[in-house]
Amino acid sequence: MQNRICIAPNCGGCLNNNRYFNEKKPAASTAGFFFCTFACMQLALDFGNSAVKAGIFDGRELILVQTQKQFSKTQLRQLLKHYAIERCMSCSVTRASVPLEKFFRQNTTYRRLRSSTVLPIKNYYKTRNTLGMDRLANLMGARSFFPRKNVLVVSAGTCITYDVM
């Protein structure tokens, strides 16, 4: 199995106990972006105000997207089994992910994106937890695809947000 570079937006493979899996010194071209190499399937979940978005990544490639009002444990169990998902990461603007976190911890290497999560971008908000985790995940995705570039990230969820990096 070949190694792949983990730079997928909202991916579940980068964070482990608020540090990066298999932390390495970044190559000069990554502009300080710590990355991990892995060969596994990953599930990324975004618990929004009106829907839950799920993305399955094979390395950097997004292979499946599902959006639902909510996911049951049965549905998630089927996704984990069918795609042999090993890692999962979620971000949430609500408390909707809390009942499922135990399930994820029992079945995957799981991390929830939090304001305290160590990331290779600087949050200039006066209080770190003011910036929504969905917006932070979007910024990480933008940074991975456009390193060392100025980027405007527009998110059209329940509310339209604009973030500049």
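**Figure 1. Glutamate 101 and its partner arginine 112.** The side chains of glutamate 101 and arginine 112 make a polar contact at 3.1 Å. A polar contact is a pair of N or O atoms within 3.5 Å; within protein, one must be able to donate a hydrogen and the other to accept it, and residues adjacent in sequence count only if both atoms are side-chain atoms. This is a predicted model: local features need pLDDT of at least 70, side-chain atom pairs count only at pLDDT 80 or more, and totals for chains, interfaces and linings use all residues. Residues are numbered from 1 along each chain as its sequence is written, and side-chain values use heavy atoms, with hydrogens and water left out.

Glutamate 101 lies in helix α2, residues 98-107. Helices (H or I, at least four residues) and strands (E, at least two) are DSSP runs, numbered from the N terminus. Glutamate 101 counts as buried because its relative accessibility is 6%. Buried means under 20% relative accessible area, exposed over 50%, and partly exposed in between (1.4 Å probe, protein chains only). Leaving aside neighbours within four places in sequence, glutamate 101 is in contact with Tyr110, Arg112 and Arg114. Contact means heavy atoms within 4.5 Å.

**Figure 2. Helix α2 and what covers it.** Leu100, Glu101, Phe103 and Phe104 are the buried residues shown in α2. Their cover includes β5, α1, β8 and β9 (109-112). Phenylalanine 104 touches Leu43, Leu45, Leu76, Cys88 and Tyr110, not counting residues up to four places away in sequence.

**Figure 3. The aromatic cluster at phenylalanine 104.** Phe103, Phe104 and Tyr110 form one aromatic cluster. The structure holds two aromatic pairs. The rings of phenylalanine 104 and tyrosine 110 are stacked, because their centres are 5.2 Å apart and their planes are at 20 degrees. Rings of Phe, Tyr and Trp (its six-membered ring) pair if their centres lie within 6.5 Å; planes under 30 degrees apart count as stacked, over 60 as edge-to-face and the rest as tilted. Both phenylalanine 104 and tyrosine 110 are buried.

**Figure 4. The largest nonpolar core.** This core has 17 residues, and Leu43, Leu45, Leu76 and Phe104 touch the most other members. Two or more residues come from each of β5 (41-47), β6 (52-58), α1 (73-82), β8 (85-92) and α2. Strand β5 gives the largest share, four residues. Another core lies apart from it, with 14 residues, among them Cys91, Leu119, Ile121 and Val153. A nonpolar core is a set of buried Ala, Val, Leu, Ile, Met, Phe, Trp, Tyr and Cys residues joined through side-chain atoms within 4.5 Å. In soluble globular proteins, nonpolar side chains tend to be buried together.

Figure 5. Seven of the seven residues of β5 are buried, so the strand is largely enclosed by the rest of the structure. Both faces are covered. Met41, Leu43, Leu45 and Phe47 are buried on one side, and Gln42, Ala44 and Asp46 on the other. Strands β5 and β6 run antiparallel, joined by seven bridges. They form a hairpin with four residues between them. Leucine 45 has alanine 54 as its bridge partner in β6. Strands β5 and β8 pair in the parallel sense, over seven bridges. Here methionine 41 stands opposite isoleucine 85 in β8. Two strands pair if DSSP finds at least two bridges between them.

**Figure 6. Two loop residues with positive phi.** Most residues other than glycine have a negative phi. Alanine 84 has a phi near 50 degrees, a positive value in a residue other than glycine. Alanine 84 sits in the loop between α1 and β8 and is partly exposed, with a relative accessible area of 48%. Arginine 148 is not a glycine either, yet has a positive phi of about 60 degrees. Its place is the loop between α3 (133-145) and β10 (152-156). Arginine 148 counts as exposed, at 63% relative accessibility.

**Figure 7. Lysine 122 over tyrosine 124.** The charged end of lysine 122 sits over the ring of tyrosine 124, 5.5 Å from the ring centre. A charge sits over a ring if NZ of Lys or CZ of Arg is within 6 Å of the ring centre and within 35 degrees of the ring normal.
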